[in-house]
Amino acid sequence: MDLKPVADELYGLPPKDFTAARNAAAKQAGDKDLARAIQELRKPTVGAWAVNKLVRDAPEGLEEALGLSTAELTMRELGRKRKELMEALVYRTLELTGPLADDAVTQVRNTLTAAMADPESAEQVRAGHLTKGLEYSGFGFALPAPEPVPDGEDALARKRRERQERKRAEAQQALDEAEQALGEAQADQLAAQRAFDRAAERLEDAKRVTSAAEKARKAAERKLSDLN
């Protein structure tokens, strides 16, 4: 028995099942060092588990997102691709996991942001053994490809172009932040809608049980009345 297949199996489990399964695997290891290594595997947070599940159950779309960590794209292209993939992946994650708490959805978003920006983070996500969410510190981002420089550009024109590019980058960052906030709000709305739907189903079930009990009570009253 090797550690990797054990870890692969454990980190595909929901957090509530992790500890018992880990302890059982350690007992079955048959090797003291392997048992100790298994026992040292940390239980994942809900957000980390959600990303691990995405790696296992929806690798196609995720792999395109992870590729952005080394892609040579313009700032505009990077922003557009990050937006498209982020919303699709968060939605897909919620389809796989069901409703998640706000902090877990934030962990998923932060982890995906880090993985799309930093190759090392992308590799951690790709391994599928996350124990906690990743954070993007602002360094290690794949450098955008420079915009083409017009032939014969003089110093004044260059300064104007660079000023325009800075403004465009700032505007793109503001747009990305606004879209991330919108995505989080939409994820919250989706989770709330699912919770509402489940509550409505439970209410209908309770109404049916109540109606059946009321009919049974009336039938019992009639039978008792007939006997008097």
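Colleague: How many helices and strands does the chain have, and what pattern does the chain follow along the sequence?

Modeller: The chain of this predicted model has 9 helices and 0 strands, and, read along the sequence, the pattern is α-α-α-α-α-α-α-α-α. Of its 228 residues, 32% count as buried, while the accessible surface comes to about 14,300 Å², with 54% of that area belonging to carbon and sulfur atoms. Among the contacts with a separation of 6 or more, 73% are between residues 24 or more positions apart.

Colleague: Why is Val105 called buried?

Modeller: Val105 has a relative accessibility of 4%, and the word buried applies under 20%, so Val105 counts as buried. Val105 has its place in helix H7, which covers residues 102-117, and its C-alpha atom is separated by 8.6 Å from that of Leu94, 11 residues apart from Val105 along the chain.

Colleague: Which residues make the contact of H4 with H7, and how do they divide by class?

Modeller: On the H4 side the contact is made by Val46, Gly47, Ala48, Ala50, Val51 and Leu54, and on the H7 side by Ala104, Gln107, Val108, Thr111 and Leu112.

Colleague: Why is H5 described as roughly antiparallel to H8?

Modeller: Helix H5 (residues 59-66) and helix H8 (residues 119-127) pack at an angle of about 165 degrees, with their axes 10 Å apart. Since angles over 145 degrees count as roughly antiparallel, the value of about 165 degrees makes H5 roughly antiparallel to H8. H5 passes H8 in a left-handed crossing, where Leu62, Glu63 and Leu66 of H5 meet Ala122, Val125 and Arg126 of H8. The residues of this contact divide into 4 nonpolar and 2 charged, with no polar ones.

Colleague: What makes H2 roughly antiparallel to H3?

Modeller: The axes of helix H2 (residues 15-27) and helix H3 (residues 32-39) come within 8 Å and cross at roughly 175 degrees. That angle is over the cut-off of 145 degrees, and so H2 is roughly antiparallel to H3. In this pair Arg22, Asn23, Ala25 and Ala26 of H2 meet Ala35, Ile38 and Gln39 of H3, and by class the contact has 4 nonpolar, 2 polar and 1 charged residues.

Colleague: How do you know that Lys4 is exposed?

Modeller: Lys4 has a relative accessibility of 55%, and exposed is the word for values over 50%, so Lys4 counts as exposed. Lys4 is found in helix H1 (residues 3-10), and although Lys4 and Ile38 are 34 residues apart in sequence, their C-alpha atoms are 9.6 Å apart in space.

Colleague: Why does Thr97 count as buried, and what does Thr97 touch?

Modeller: The relative accessible area of Thr97 is 18%, and because the cut-off for buried is under 20%, Thr97 is buried. Thr97 lies in helix H6 (residues 75-97) and, not counting residues up to four places away in sequence, touches Trp49, Ala50 and Lys53.

Colleague: What makes Ala115 buried, and which residues is Ala115 in contact with?

Modeller: Ala115, which lies in helix H7, has a relative accessible area of 0%; with buried meaning under 20%, Ala115 is therefore buried. Leaving aside neighbours within four places in sequence, Ala115 is in contact with Leu66, Ser69, Ser121, Ala122 and Val125. Ala115 and Gly67 are 48 residues apart in sequence, and 8.8 Å apart in space from C-alpha to C-alpha.

Notes
Residues are numbered from 1 along each chain as its sequence is written. This is a predicted model: local features need pLDDT of at least 70, side-chain atom pairs count only at pLDDT 80 or more; totals for chains, interfaces and linings use all residues. Side-chain values use heavy atoms; hydrogens and water are left out. Helices (H or I, at least four residues) and strands (E, at least two) are DSSP runs, numbered from the N terminus. Buried means under 20% relative accessible area, exposed over 50%, partly exposed in between (1.4 Å probe, protein chains only). Contact means heavy atoms within 4.5 Å. Accessible areas come from the Shrake-Rupley method with a 1.4 Å probe; for residues, only the protein chains shown count as cover. Axes are lines fitted to C-alpha atoms, for helices over the stretch in contact, and angles run from 0 to 180 degrees between N-to-C directions. Angles under 35 degrees count as roughly parallel, over 145 as roughly antiparallel, 65 to 115 as roughly perpendicular and the rest as oblique. A crossing is left-handed if the near helix is turned anticlockwise from the far one by less than a right angle, and right-handed if clockwise. Ala, Val, Leu, Ile, Met, Phe, Trp, Tyr, Cys and Pro count as nonpolar, Asp, Glu, Lys and Arg as charged, and the others, Gly among them, as polar.
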